[in-house]
Amino acid sequence: MPKAAYWIQRSKRHLLLATVAVAIAALAYAATPPPDVRHRLSMATAYGALAFLAVSLWLGPWNVLRRRPNPISFDLRRDVGIWAGIIAIVHTAIGLTVHLRGRMWMYFFKAIHPLKLQNSQFGFANFTGLAAALFFLMLLAISNDLSLRTLGTLRWKSLQRWTYAAFALTVAHGIAYQLIEKRQLPWVFIFTALMIAVAAIQILGFLRAQRRMNHSQGD
C-alpha cells in the first residue's frame, strides 16, 4: 500500500475510534446520576478505557481462534490500544480530583509529617490505578514503528506484554472502587462481563496456540 494511502487509512480508523470513544463516554456519563460532573466524567472515561482495553486484548486471541495470522504488532490492535491508553490517562487525571478536592496527596498518603501511606482499601484502589496508568504511559510510548525498529522484535514484545500487568492492575483497581462506591448492579455487571470475556478469550487463544505448537513439533 502506498504510504499516503496507508496514513489516510490509519487516520480514518483513528477518527472512527475517537467517535466510538466519545459515544461510549457519553452513554456512561448519561447513565451516571447527577449532579457531580467530575464523578460522571470519571465514570465515563473509566468505562470507555475499560471497553477499549478489553477489545485490544481480544484481537490477538481472536485471530488465533480463527486460524488467521497473528503478527507481533498489527495496526488495528495498536490503534485500539492507543485509545485505551489515552482514555485511561484522562480517567486518571480526572479521577484524582473527584473525592478529595484540593488534597490530592491524600489519595496515597494519610499524613505527610510523618509520612504515612494510605494503607486502606481506598489507598489500594488508588495505588493500583496509578501503577496501571504508568504502564499505559509506557505502552503508549512504544506504540509506534520507530520503537519497534529501535528496540527490536523480542525486546519490544517483552515490553508490550506488560499490557497484561496493566489489565490485572485495572481489574484490581476496578473491583476496589466497585466496593468503595457501592456501585449499582448494572455497572458491576458490565465490569464483570468485560473482565470475564477478556480472560476467557485469552485462555482459549493460549490453549489453541499451545495445541498448534504441539502439532507442529509432533510433525
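Author: On a 1 Å grid over the protein atoms alone, a pocket is an open set of points where a 1.4 Å probe fits, with protein on both sides within 12 Å along at least five of seven lines; lining residues have an atom within 4 Å of a point. Points are joined across faces, edges and corners, and a volume is the space filled by probe spheres set on them. This is a predicted model: local features need pLDDT of at least 70, side-chain atom pairs count only at pLDDT 80 or more, and totals for chains, interfaces and linings use all residues. Numbering runs from 1 along each chain as its sequence is written, and side-chain values use heavy atoms, leaving out hydrogens and water.

Reader: OK, what volume does the largest pocket have?

Author: About 760 Å³. Of its 33 lining residues, L57, R77, K157, Q160 and Y164 are the closest to the centre.

Reader: And the lining by class?

Author: It has 17 nonpolar, 12 polar and four charged residues. Here Ala, Val, Leu, Ile, Met, Phe, Trp, Tyr, Cys and Pro count as nonpolar, Asp, Glu, Lys and Arg as charged, and the others, Gly among them, as polar.

Reader: What about the second largest pocket, what's its volume?

Author: About 150 Å³. The residues lining the second largest pocket are I24, L27, A28, A31, Y47, A51, P186, W187, I190 and L194.

Reader: How many of those are nonpolar, polar or charged?

Author: That lining divides into 10 nonpolar, no polar and no charged.
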